[in-house]
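Open the model in your viewer and keep the selection panel handy.

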Amino acid sequence: QAADSVSSEPAPTPKWYQTVSIRGYVQARYNRLLETNPDLTCEQCDRSWGRNGGFSLRRIRIIFFGQLHERVYFYLQPDFASTLSGSSSLNATLLRDAYFDVGLDKASQFRVRLGQSKIPFGFENMQSSQNRLALDRSDGINSSFSNERDLGAFLYWAPTAVRQRFSRLVKDGLKGSGDYGVVGIGAFNGQTANRPELNNQRHVVARVTYPLEIGGQLIEPALQAYSGEYVVNRDQLSSGVKHRPDLRYPDQRMAATFVLYPQPFGFQAEYNVGRGPEFNPRTDSIETQRLHGGYLLLNYRLQHKGQQFYPFLRAQYYDGGKKHERDARSYQVREAELGVEWQPFPSFELVTMYTLSNRRFEDFQKPDNRQRGGLLRLQAQLNF
Amino acid sequence: QAADSVSSEPAPTPKWYQTVSIRGYVQARYNRLLETNPDLTCEQCDRSWGRNGGFSLRRIRIIFFGQLHERVYFYLQPDFASTLSGSSSLNATLLRDAYFDVGLDKASQFRVRLGQSKIPFGFENMQSSQNRLALDRSDGINSSFSNERDLGAFLYWAPTAVRQRFSRLVKDGLKGSGDYGVVGIGAFNGQTANRPELNNQRHVVARVTYPLEIGGQLIEPALQAYSGEYVVNRDQLSSGVKHRPDLRYPDQRMAATFVLYPQPFGFQAEYNVGRGPEFNPRTDSIETQRLHGGYLLLNYRLQHKGQQFYPFLRAQYYDGGKKHERDARSYQVREAELGVEWQPFPSFELVTMYTLSNRRFEDFQKPDNRQRGGLLRLQAQLNF
Amino acid sequence: QAADSVSSEPAPTPKWYQTVSIRGYVQARYNRLLETNPDLTCEQCDRSWGRNGGFSLRRIRIIFFGQLHERVYFYLQPDFASTLSGSSSLNATLLRDAYFDVGLDKASQFRVRLGQSKIPFGFENMQSSQNRLALDRSDGINSSFSNERDLGAFLYWAPTAVRQRFSRLVKDGLKGSGDYGVVGIGAFNGQTANRPELNNQRHVVARVTYPLEIGGQLIEPALQAYSGEYVVNRDQLSSGVKHRPDLRYPDQRMAATFVLYPQPFGFQAEYNVGRGPEFNPRTDSIETQRLHGGYLLLNYRLQHKGQQFYPFLRAQYYDGGKKHERDARSYQVREAELGVEWQPFPSFELVTMYTLSNRRFEDFQKPDNRQRGGLLRLQAQLNF
């Protein structure tokens, strides 16, 4: 009876701080040591590479998130280290994620995700920069979507056991991608994050992945593809560049991924092929061209007295355009990076990385621009 | 004695999370289904209506608030789905509210509100978009103040019992406006939220409202009026449009409101008349013109197994200018909307709404522009 | 044995709200009472001074901070009352602080600070605006760094006892500067907060300070200096102004500080000399010129029934340029201010201040501009 009377009392309403959580991270960088060529830069990677670069904050993220109901999860992530189009002020605020998941079943094995979120294309795109070893994503995979995100609606499916595995791959320091389902499909605007939609068609994407345990090791192969029509924005155009009258170009890619999680040796490889807008310096025009590229990553996980060390080596190649840059800038990239991430405490990480790079990046204003060189890059990261 | 010694100990300092709270909401939308006319748009309502609209986030709000002292309350609300003047980046951050209330008595029956907050003009303007049924506010009432807010100082008075009733009208799902006093008066810059003041005069506003219980039903009639001088900003002007040399125009309105809260049938009506700047396509000039308009809303509240359903019908009319738009754009709006809000859980809402609209909206660049059509609009809302 | 088994259990992981805290403040102002000259303005102080000024929010700060580990502390402070270059929208969001301290020893007597933070130059610059008595910083000291901050790396040293004293000087209402070490040195970009670096050299800074207890009174003398090369940004230039071809100018200052904390009488004086870019109206050109200036502050602390009163008098002088303003605008400032800060409760403060000012501020567009006048300034501040 006493038990009955206790159980019949309503559960106390949870406090706001029990359902909403806040976490985040900050990346401070310096890229100018041992630099051999100040004209070697990479706009999408890090604007503080090269001439006149200095101390910089690459990312300042504060994340508000929570499981509000067994079927409702949300995730809001502004970035406080952004710049806005039309402004030269650094460290302005721009949205990264703002999405909510609505479970179609009680365990949310099927989930609909609405809002701005990462497009499920490429393991490296979905892996958080908080967890990635190399300071920047590879040009080949990341050229698909500037800032990795767009506005749209997505459907994800994964069995509960796999969802838990996705979660552990991040929590246990194995540098996982987070949970974008075993199967994911979606429709989205297609102009990349925080840019206005410019046509009446949506992009579509599909992805299949599966994290497998084999002999104590964890591997994750994946396949993914997207298709749509990208409209080059007039504010991306150099005066004088030729282009299709309606500025519309096909934008299609497919990619294969293989990941061996570092226990202690890790290996990661991704490659994508497709087509999209690309500046052609011979014709001074933006044309639909083929693109292809990817990367190989070797890493190792060393734990010593509560400290973590992750030495890594990454080699990447890309030949294609970057649709979101000036005149759909043309790229050919060969790059090798050797570095180590050191976590003396969970709240602090230091990455030291040597980059050897050979980059051709050409637009109407710089139609003949190949830069080679090396540089040492430093990043201190705070996790809270 | 033991009791004495206990009571003489100082109360422990409350933790920050016990005095400061965080909540918010997110609205994701899609407006392109069953669309009959892509030229039918509404700039103040939702920029993702019509041609080239896609998935959009209409509002991303994180609210920091708290009662810091019996006489001090604060409320900070940035919006993370805004655009800034001079920038095409979507989902930048712009302030909605930043105000604090200082009670002149211990119960704060008299309160001074300082900072940026909503102008007490129009029930629909003060009701949060988190609670409103129709996806956008009516043109007639909302054309008074873009984003409903301005910088100023306000004095609100309400008896404690009425303050509690205002609070319950929101908490109990009756779609109340929040507590802007039984009597409210204020002075404010008059150029609307986040826009620089352009003259040396302040606008003034006054409002009287009273929520009454009659036979188990709750009604709330209100009267309100404001007066000031609006200065059309040069960055609003089309090149070639004629206007007063000093760009100063009278800006005056009065409005009547009647609300019957939905228990279960609800009814809401507002109408305002006034004068202000308005583009005249016959003379290519911005002139002081009369304006009038309002809306009727019928709604119903249905509760079923912990779920909430609010079917609604709204009809609106407006004839006048929008002072904050290009050339003080001229409008004539006839619109009917039929929809339903469904809350399967408190943290998630889905609104489906069919809009039938006939809109004339004309400025110097589009001096002959009447658009008619229908469209189905969808909104998913997250509450946290 | 029971005790052993208890102590061998792992400590529960702290909740997020136990390691991350949120606090902040808001300043609402009105500057137009008893104004004798609407052309008397001060861009760096407060843009709502003078003609067409109205109600304004000078600062809206939300601070996320915490001690994450005995050696790791972080502090993130966006401001929600900023404007961005290229945009006229008020109340946009721009970063103030984003730094983390990494202790080199367990007590963090030696700390490395990385990210964007205040440059240790000038007591008034380092003292938070939340604590300062006068509404704005003095032109002489504050012209060193717009918004007081920059991106860089700093090393601070202070003994633990002094670190605790720095902390108490703020907490006990003595209007301290916070803990920037007894000795601080650093390297930073040198273009001031949120502006892109424009050269390949860093600025350097050094400071020594010491808070001493003498006969029940606390004093703090300090010396500080910085050196670097400032590059005038092209978007600061009036069309037609003459300047060095490479826009590079030396930027060097040294300053002396003396503070007597108010127990109950307080006294504060700072003076700096140096050289930097300054517009010369006789030659229409930006030239390297000498600069000097500082202030004297007398204050008093009165506590009455839990309320705090701080009457104060400040006199300031400055003759030099402001490198971050249009054409490195030339200034000569003589100003006296008499005011009182009243804190009826810890969460609310009201400052009333009368300013008598004589300001010459000249650039290429206004080469002959001396303004004299008086005005009453009001500020209500919320602390949370």
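Start by colouring chains B and A: the area buried between chain B and chain A is about 3100 Å², with carbon and sulfur atoms giving 71% of it. Buried area here is the accessible area (1.4 Å probe) that two parts lose on being put together, summed over both. The contact (heavy atoms within 4.5 Å) takes 37 residues from chain B and 39 residues from chain A.

A word on the model: it is predicted, local features need pLDDT of at least 70, side-chain atom pairs count only at pLDDT 80 or more, and totals for chains, interfaces and linings use all residues. Residues are numbered from 1 along each chain as its sequence is written, chains are lettered from A and ligands numbered from 1 in the order in which they are written, and side-chain values use heavy atoms, leaving out hydrogens and water.

Next, select C:Phe100. Among the residues that C:Phe100 touches are A:Val26, A:Phe348, A:Leu382, C:Tyr73 and C:Leu114.

Finally, go to helix H5 of chain C, residues 160-171 (helices are DSSP runs of H or I, at least four residues, numbered from the N terminus). Select C:Val162, C:Arg165, C:Phe166 and C:Leu169, the buried residues of H5(C) (buried means under 20% relative accessible area, exposed over 50%, 1.4 Å probe, protein chains only). On the other side of H5(C), pick the exposed C:Ala161 and C:Lys171. After H5(C) comes C:Gly173, with a positive phi near 80°.

How values were computed. Helix = DSSP H or I, 4+ residues; strand = E, 2+ residues; numbered from the N terminus. Expected span 1.5 Å × (residues − 1). Lists of a residue's contacts leave out its neighbours within four places in sequence.
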